[in-house]
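Hi,

Here is the structure I promised to pass on to you. Have a look at it first, and then read on for what turned up.

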Amino acid sequence: MKIGDRVRVKESVVVYHHPENRGKAFDIKGTEGEVFAIVTQWEGRPVSANFPILVKFSKKFKAHLRETELEIL
């Protein structure tokens with residue numbers, strides 16, 4: 001998986017920061033987006049992020065996910 005790949009969430013993932021449902025549980029299973037970044041460094045230091053793949057679903061909504069929760073389109 002690399003930056004720019006189109007992906008779909010294949011597992012049930014509940015988020016609470018979706019712009020249209022802020023503060024409420026919202027399942028993003030089946031939602032499609034684009035890999036925006038892969039988090040491996042922070043301020044020049046290596047990190048081992050639990051959710052390393054940042055996916056941009058819309059202009060206002062991004063989420064960090066695991067590679068196992070996504071499928072490449």
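Which strand does β1 pair with, and in which sense? Strand β1, residues 6–9, pairs with strand β4, residues 32–38, in the antiparallel sense over 3 bridges. Within that pairing, Val7 has Gly33 of β4 as its bridge partner. Please keep in mind that this is a predicted model.

**The sheet**

The pair belongs to an open sheet of 5 strands, in the order β8-β7-β4-β1-β9, with antiparallel pairing. At the edges sit β8 (62–65) and β9 (70–72), each of which pairs on one side only. From one strand to the next, the twist averages 45°.

**The core**

The largest nonpolar core holds 13 residues. Those with the most contacts inside this core are Val9, Ile28, Val55, Phe57, Leu65 and Leu70. Strands β1, β7 (53–56) and β8 each contribute at least two residues to the core.

Leaving aside residues up to four places away in sequence, Val55 touches Val7, Gly33, Glu34, Val35, Phe36, Phe61, Lys62, Ala63, Leu65 and Leu70.

**Salt bridges**

The count of salt bridges comes to 6. One of them joins the side chains of Glu71 and Arg8, at 2.9 Å from N to O. This pair links distant parts of the chain, since Glu71 lies in strand β9 and Arg8 in strand β1, 63 residues apart. Glu71 counts as partly exposed at 30% relative accessibility, and Arg8 is partly exposed too, with a relative accessible area of 27%.

Another salt bridge is formed by Glu43 and Arg45, whose closest N and O atoms are 3.6 Å apart. Here Glu43 counts as exposed, at 63% relative accessibility, while Arg45 is partly exposed, with a relative accessible area of 48%.

Glu69 and Arg66 also meet through their side chains in a salt bridge, at 3.7 Å from N to O. Is Glu69 buried or exposed? With a relative accessible area of 8%, Glu69 is buried, because the cut-off for buried is under 20%.

Finally, salt bridges that share partners join Arg6, Arg8, Glu32 and Glu71 into one network.

How values were computed:
Residues are numbered from 1 along each chain as its sequence is written. This is a predicted model: local features need pLDDT of at least 70, side-chain atom pairs count only at pLDDT 80 or more; totals for chains, interfaces and linings use all residues. Side-chain values use heavy atoms; hydrogens and water are left out. Two strands pair if DSSP finds at least two bridges between them. Helices (H or I, at least four residues) and strands (E, at least two) are DSSP runs, numbered from the N terminus. Axes are lines fitted to C-alpha atoms, for helices over the stretch in contact, and angles run from 0 to 180 degrees between N-to-C directions. A nonpolar core is a set of buried Ala, Val, Leu, Ile, Met, Phe, Trp, Tyr and Cys residues joined through side-chain atoms within 4.5 Å. Buried means under 20% relative accessible area, exposed over 50%, partly exposed in between (1.4 Å probe, protein chains only). Contact means heavy atoms within 4.5 Å. A salt bridge is a side-chain nitrogen of Lys or Arg within 4 Å of a carboxyl oxygen of Asp or Glu.
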